[in-house]
Amino acid sequence: MKPVPFEYHAPATLREAVELLASDPDAMVIAGGQSLIPLLALRLATPSLLVDLRRVPGLHAIAVGDGGVRLGPRVRWRDIEDHGPLEIAHPLLQEAIAHVAHYQIRNRGTVGGSLAHADPAAELPGVAVTCEAEITLVGVAGSRTIRAGEFFTGPLTTVRQRDEIITELYLPFWPRDRHWAFLKFAQRQGDFALAGIALFYDEDQDGRVRNAHIGVIGACDRPRRLTEVETVLNGRPVDEVLIREAVEIAARTVDPPEDLHAPAAYRRALVATLVQRGLRRATQPRSV
Amino acid sequence: MIGINRYIGSPVERVEDFRFLRGRGEFVGDLRREGMLHAAILRSPVAHGRIRNLDGTAARAIPGVRTVIAAAEIGAVPRIPLRLLPLPGTERFLQPVIAADRVRYVGEPIAVVLADSAALAEDGVGSIALDIEELAPVADRRASGKNEILLFEEAGTNRAMTFTAVSGDADTAFREAEYARRERFSVQRHTALPMEPRGVLAEWDAVQGRMTVLGAAKVPFFNRDTLAAMLGLALTDVDLIENDVGGGFGARGEFYPEDFLIPFAARHVRRPVRWIEDRREHLTAMNHAREADCEVEIACRRDGTILGLRGEIFIDLGAYVRTNGLIQPRTLAQFFSGPYRVPNVDITSTALLTNKTPSGTYRAPGRYEASFFCERLIELAARDLGIDSAEMRRRNLIGAAEMPYKLPRLEPGGPAVDTECDSGDYGEALERCLAEFGWEEKRALQGRLIEGRYHGLAVACFIEGGGAGPKETARLELEADGSVTVYVGSAAVGQGLETVMSQIAADTLDIQLDQVRVLHGSTPYLNEGYGAFASRSTVLGGSAVFEAAKLLLEQIRAAAAVRLGGSTEEIELVDGRARSISDGRSLSFAELASERLSVDTAFANNNKLTYTYGSAAAHVAVDPGTGHVELLDFLVVEDVGRIVNPLTLHGQAIGGVVQGLGGAFMENLVYDAEGQLLTGTLADYLIPTATDFPTIRAIALENHPSPSNPLGVKGAGEGPIIPVGGLMANAVASALASFGAMPNRLPLSPACVWLMGSVNESSD
Amino acid sequence: MRARFQLNGQPVAVDVEPRMHLADCLRDELGQTGTHLGCEHGVCGACTVIVDGAAVRSCLILAVQAEGSSVVTVEGLSTDDALTPLQTAFRKHHALQCGFCTPGMLTTAHALLTEEPDADTARVRSVLSGNLCRCTGYIPIVEAVLEARAAYRKTDKP
């Protein structure tokens with residue numbers, strides 16, 4: 001399947017890229033192309049112009065500091081996998097990214113591309129929403145920063161305007177002794193999740209949960225936090241009784257779509273299973 | 001039989017490998033011709049409709065788009081004949097090579113666009129204005145059977161064919177049986193999915209009036225004959241050339257619409273034309289397979305002896321009867337009982353037309369489905385009667401002393417299509433399988449919950465009918481340098497044909513392997529040929545090569561006798577030389593090459609199929625929380641009569657098993673109520689990957705050679721896939737026995753398995 | 001548009017439409033048909049080539065995006081005489097039947113073993129899970145790649 005004809009530019013600056021996008025209503029931005037090019041091949045996307053970011057400098061940095069983690073839009077999955085400091089600075093991110101697609105895709109697929117594509121089963125959007133990340137966009141009107149929870153509005157839809165380019169993903173600081181888990185279930189390795197869970201919590205000095213965050217992917221129209229489950233977790237120690245309650249609320253409050261690959265009831269049960277296993281995993285000590 | 005064997009029986013590494021490993025294979029997509037145009041096909045976007053208008057003006061206006069060919073340009077539109085089982089009545093349901101006024105499935109070809117590049121040809125397809133009046137589709141076989149909406153009004157029915165397989169007196173057997181059980185089962189629509197999509201490159205020589213077509217596979221001679229008739233050309237004016245073929249599995253190589261459309265286009269524009277199928281197109285254009293459901297019952301004595309099998313099977317054949325579309329329904333009925341002794345059989349299988357892509361053969365057609373249905377029934381009976389799974393098989397397998405064992409009589413067909421299990425000891429293969437698998441030790445795991453997963457075991461037995469006739473042809477020529485060129489009518493689809501034929505020729509002629517060159521499949525090589533289907537290449541092609549090699553030896557001996565003086569009895573042939581026994585003078589084959597020695601022969605098998613047979617066992621662990629099934633161990637044991645190349649044979653077994661597992665767990669062609677295919681790309685049509693089934697073992701036995709060919713070999717490409725569906729279902733049933741799980745439908749997707757394991761534990 | 005890059009160690013320049021993907025460019029413009037197309041939507045891996053040292057799906061890169069890069073295809077992993085250790089291992093283990101997925105398997109394995117000559121069985125399987133094969137059932141391919149590790153552990157890379 002060959003794409004429709006389009007023009008192609010690889011501008012040298014971000015400003016040029018934005019102007020090109022703004023100049024043509026059917027222009028699209030391309031980074032790694034791992035999500036976009038299949039759409040082009042299937043003629044589901046029919047741009048008149050592709051604006052490639054590959055010559056724009058400064059977009060592929062990974063910055064790890066006391067303030068948190070900042071990822072440029074052209075950071076690839078393998079860059080995240082290879083980045084040593086992230087093992088401590090954001091282990092949840094690294095673990096989630098290890099589940100993305102396949103080896104070859106991970107050599108090209110990018111942070112910005114994944115966020116902009118907004119597949120409801122994708123790992124990074126799930127981590128972003130769970131961790132209350134912030135996404136910075138630059139367009140003709142200037143730059144703005146959106147909370148991840150407000151960035152994704154539906155399947156394959158975000159608040160990004162067609163002239164805007166994602167320039168940064170910010171993940172808040174991750175304390176070293178945090179409890180966390182990332183679990184995904186797919187029929188085969190590398191497939192999009194039938195459902196996935198990203199969760200973390202901190203413990204106060206009495207061993208009770210504080211700051212619980214649980215996000216679900218693949219079982220909703222977009223990545224969502226299970227806020228009712230978080231509420232029930234906060235303030236209590238994690239034991240089998242609490243886990244049972246959490247699981248029951250998760251099953252009740254998640255509202256999965258019915259599709260080709262799984263009926264809603266199954267996804268609901270799958271979320272419940274993953275929440276249970278995720279919480280159990282999170283209570284276990286980690287080697288770092 | 002052959003005496004000392006240097007090559008036959010050895011794990012000879014393949015001669016084909018060199019070019020593939022270097023990226024120098026020549027698949028049809030790798031070939032180009034001067035002045036070549038690229039074709040793209042406009043395919044029906046609706047499942048059922050009448051074409052009101054087709055306007056190619058906008059397409060032709062695109063620079064680089066050369067022409068649009070539709071039914072109007074073709075005139076009288078030929079229909080694709082049946083290659084196998086052309087039974088009376090089927091002529092009503094044949095597929096036209098292009099849709100003229102009626103479309104019957106999403107993907108049916110409506111027009112061909114020719115352009116300077118494949119991308120431009122696709123642009124052209126996208127610009128054709130197509131006006132189709134949509135008709136209500138026949139969405140599934142149940143709707144089809146009601147005959148309220150007909151695909152072919154003149155036929156008055158959607159029922160393409162009904163087969164019955166009968167032996168003994170099933171009605172009486174069921175009436176008198178101590179135990180009987182009836183169940184419904186179904187196998188999903190899935191497909192062969194070779195990694196190389198199809199392609200055709202056609203060249204028309206206007207001066208000579210000759211058509212050359214590249215990209216042929218499987219049955220080039222039949223396809224050549226069919227194409228010649230459709231184009232109004234003599235057989236000798238059409239050549240079909242077989243290049244490298246990226247997998248067939250029964251689906252590639254049958255005559256498809258494009259096999260006419262592309263040559264027609266080449267003649268129409270007087271330029272070479274190449275069409276390469278893309279994968280999305282492939283999923284609606286290449287033969288589908290396997291979709292069948294049934295209501296069947298088993299009758300037994302209390303001790304588990306099977307007395308009878310009866311029931312009705314329905315096959316969703318899709319919109320037309322393809323060249324080999326009736327094989328699956330026929331085989332499902334005739335081979336329902338598999339390797340088991342069942343004295344009373346009454347099975348009916350009905351093929352029904354629906355507005356879906358037509359279906360055809362896919363590795364072990366009908367047998368995979370029959371084994372699933374039959375093994376599930378047998379397992380349910382075993383459980384009800386309190387008999388161990390292995391013991392149930394043991395008691396009911398056809399015994400060695402009962403050979404040959406007649407299978408039920410098939411109608412239509414009658415005595416002409418009678419077949420019988422020819423030879424072998426089925427119980428021996430079962431015992432070997434159980435011992436190697438460790439059945440006795442592992443039995444205790446059945447149904448147990450260990451570290452959060454339920455464990456299950458199953459065993460199944462199978463027969464594979466291979467070596468389909470009528471014959472195969474071979475020609476051997478002694479070349480100037482003393483090497484031998486083998487031309488064989490068999491077709492290569494990736495199975496190692498060149499190497500296996502080389503081994504047979506080299507051993508028979510007693511020369512080095514690298515002195516043999518094998519050319520295959522292409523029609524210019526031989527006057528006639530038959531091809532690669534029903535696991536026949538080693539049996540028939542190999543036997544033809546063997547017979548030809550023996551005849552060539554006689555010619556060499558005679559030529560040497562003349563040159564060296566003396567009679568032929570005084571000449572011995574050893575190691576590529578002809579030697580006079582009396583005085584020791586000898587000549588190399590190269591020195592005899594000026595005699596222009598060549599042999600052209602055929603081997604026919606009187607339509608006697610060979611039957612490999614075997615057993616398989618599996619151990620699974622089921623995660624009730626996710627529905628995931630892990631295959632912890634899988635073993636298949638198969639007696640193939642005689643092994644020519646254990647390396648390639650083992651490859652066929654592992655590859656076949658993994659395909660079977662894909663069908664058991666994940667592959668599914670899903671249609672909606674409008675006849676739209678929902679699983680349109682490889683992101684939704686899932687096949688196994690390297691991480692899914694890493695633990696598979698296969699053992700081949702040679703205990704019972706075939707009595708019906710000089711090599712003693714039996715067709716062995718399709719056996720191990722056969723029991724996989726039933727085996728997985730029974731293993732899952734074993735694991736989830738405490739839930740009363742009834743895995744009666746394939747595929748066993750995670751959602752389905754989860755559902756079976758989520759009901760509250762039964763209180764029995 | 002013009003795209004200039006290194007192909008198997010040689011500089012090449014092609015004029016292509018922006019919409020042409022790298023796989024088609026290699027096959028049709030540069031005559032390197034060893035890289036195969038099994039799906040064109042980024043799933044099957046038959047089109048895998050090595051770009052700047054990383055295994056990538058060449059149907060998911062536009063030819064114009066390869067500008068300035070170094071591209072290695074299955075042809076570039078071959079010599080005209082003896083088979084390389086990786087090729088030898090494939091042949092020995094019967095890790096190919098029809099040969100269509102093989103170029104993608106070889107390039108992926110080469111990229112993996114070049115970086116990770118000590119990759120264990122699970123790692124090899126996991127990496128190869130992005131390459132579909134319909135003939136072999138994968139087991140012999142994994143065996144072949146594991147055997148080839150020895151050659152990559154030496155200091156002189158093949």
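A polar contact is a pair of N or O atoms within 3.5 Å; within protein, one atom must be able to donate a hydrogen and the other to accept it, and residues adjacent in sequence count only if both atoms are side-chain atoms. By this rule, 22 residue pairs are in polar contact across the interface of chain B and chain C, both residues at pLDDT 80 or more. This is a predicted model, in which local features need pLDDT of at least 70, side-chain atom pairs count only at pLDDT 80 or more, and totals for chains, interfaces and linings use all residues. Residues are numbered from 1 along each chain as its sequence is written, chains are lettered from A and ligands numbered from 1 in the order in which they are written, and side-chain values use heavy atoms, with hydrogens and water left out.

Stay with chains B and C. Contact (heavy atoms within 4.5 Å) takes in 54 residues of chain B and 45 residues of chain C. The buried area is about 4100 Å², and carbon and sulfur atoms give 58% of that. Buried area here is the accessible area (1.4 Å probe) that two parts lose on being put together, summed over both. On the chain B side, Leu21(B), Arg22(B) and Met195(B) lose the most area to chain C, together 19% of what that side buries.

Charge pairing comes next. The rule finds six salt bridges between chain B and chain C. Each needs a side-chain nitrogen of Lys or Arg within 4 Å of a carboxyl oxygen of Asp or Glu. Glu667(B) forms one with Arg134(C), with the closest N and O atoms 2.8 Å apart. Helices (H or I, at least four residues) and strands (E, at least two) are DSSP runs, numbered from the N terminus. In chain B, α1 (17-21), α4 (118-127) and α18 (646-665) each supply at least two residues of the side that touches chain C. The largest share, eight residues, comes from α18(B).

Now turn to chain A. Here 30 residues of chain A are in contact with 34 residues of chain C. About 2600 Å² is buried between them, 53% of it from carbon and sulfur atoms. Tyr8(A), Tyr103(A) and Gln104(A) supply 27% of the area that chain A buries against chain C, more than any other three residues.

Three salt bridges cross the interface of chain A and chain C. Lys2(A) pairs with Glu40(C) in a salt bridge, the closest N and O atoms being 2.6 Å apart. β1 (7-9), α2 (36-41), β3 (49-52) and α6 (103-106) of chain A are the elements that give two or more residues to the side touching chain C. α6(A) gives the most, with four residues.
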